[in-house]
Amino acid sequence: MGRLMISRWTFSDLPEAYKACAGVRVQTQESDARWRVARQIIDEASADRQARADRPEAGLSTGLPDLDRVLCGLMPGEFLVLAGRPAMGITALALHLAGHVGVVENAAVAVFSQVLSARRLMDRLLAAEGKINQSNVRWDTMDPAARQRLKAATDRLRDAPIHVVDLPAVGVQELCTWARELKAHESGLALLVIDNLDLVVVEGGEPVDAICARLKALAVELQCTVLALSRLTRRVENRRDKRPRARDLRHRRSVLRNADVVMLLYRDEHYDPETLDPGVAEVIVARNLRGPSSVARVASYSRVISSSV
């Protein structure tokens, strides 16, 4: 029996089918692009630090200076969770962020709403952008000045790259597919808002932890900020101090394991009409992988609430 000579052959000489049968993973130009040397990573980190030094918010601005100070803006590739008790105003805050990113930053925004219809959601965006009470818009009881503001807000929002999907039930796979298609259509996606994480359909028994992990992976894949809204448990109501804590999160372990930032919304006037801080909201940043936990104060938040309810 003759000897098999292989010394003159290189791996590239083998047929592709043989390589596949052998179970050998072939490095392609596409896969090679995923490997980066230390020099490249260090240069990128240095540029990022310089950008933060030159500008307080290295990411997209939220339109709320104190929140930008804490978060350094909305960063691509990050999964954020905003939670609060009912009527605390988490949807209003999320719509403020979506409107600011879409109108002021002129960056593509997608809002997946399982709570509001697209028409109702757009009415709230218009009211917030025009600083008009939502009930006045709904019942057409605006004074001339408010009508002018509504017209100006309509013109700004009409040209803004804000997209809305309103379905009562959506699975995470479907959500990810739509987000990818939207990014391809818009040549980019800056912010993806999901209202509400608790209503995302669990597909095939998929646990909430897996859903959060897939949303984090989607943020990294699309290089956008994913913001999911959630509710807090009732245990907040049983304490003397109603300020929420991370342990009050619904699906706490899943959220804390996957989220880059966890924000808890609190308004003292919701519990105490005679508060010393009327109209002020506290965005309690209970988890922040890019910095310390802190509290961002939002003045005149009652105006945001009134224009979005």
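β1 and strand β6, residues 261-267, pair in the parallel sense over four bridges. By pairing I mean that DSSP finds at least two bridges between two strands. Strands here are DSSP runs of E, at least two residues; helices are runs of H or I, at least four; both are numbered from the N terminus. V81 stands opposite V262 in β6.

A word on the source. This is a predicted model: local features need pLDDT of at least 70, side-chain atom pairs count only at pLDDT 80 or more, and totals for chains, interfaces and linings use all residues. Residues are numbered from 1 along each chain as its sequence is written, and side-chain values use heavy atoms, with hydrogens and water left out.

Back to β1. Six bridges join β1 to β5, and the two run parallel. L80 has L227 as its bridge partner in β5. Buried means under 20% relative accessible area, exposed means over 50%, and partly exposed is in between, with a 1.4 Å probe and protein chains only. F79, V81 and A83 point one way from the strand. L80, L82 and G84 point the other way.

Now the whole sheet. It is open, with eight strands in the order β3-β2-β4-β5-β1-β6-β7-β8, and the pairing is mixed. The edges are β3 (162-166) and β8 (294-298), each pairing on one side only. From one strand to the next, the twist averages 20 degrees. Angles run from 0 to 180 degrees between N-to-C directions; axes are lines fitted to C-alpha atoms, for helices over the stretch in contact.

Two helices to look at. Helix α9, residues 172-186, packs on the sheet and touches β2 (109-113), β3 and β4. Contact means heavy atoms within 4.5 Å. The direction of α9 makes about 155 degrees with that of β2. Helix α10, residues 208-222, also packs on the sheet, touching β1 (79-84), β4 and β5. Its direction makes about 130 degrees with that of β1.

Next, the cores. A nonpolar core is a set of buried Ala, Val, Leu, Ile, Met, Phe, Trp, Tyr and Cys residues joined through side-chain atoms within 4.5 Å. The largest has 48 residues. Those with the most contacts inside it are L71, L82, L227, M263, L265 and V283. Helix α5, residues 90-104, gives the largest share, nine residues. A second, separate core has 35 residues, including A110 and I284.

On to aromatics. There are two pairs. Rings of Phe, Tyr and Trp (its six-membered ring) pair if their centres lie within 6.5 Å; planes under 30 degrees apart are stacked, over 60 edge-to-face, the rest tilted. F112 and W178 are stacked, 6.0 Å centre to centre with 5 degrees between the planes. F112 sits in β2 and W178 in α9, 66 residues apart. For Y266 and Y271 the centres are 6.1 Å apart and the planes at 20 degrees, so that pair is stacked. Y266 is buried at 2% relative accessible area. Y271 is partly exposed at 25%.

Last, D248. Where does D248 lie? In the loop between β5 and α11 (252-258). D248 is buried, with a relative accessible area of 0%. Its side chain reaches the backbone nitrogen of R245 at 2.7 Å. Leaving aside neighbours within four places in sequence, D248 is in contact with L232, T233, R235, V236, R239 and R243.

Notes
Polar contact = N/O pair within 3.5 Å; in protein donor to acceptor, adjacent residues only side chain to side chain.
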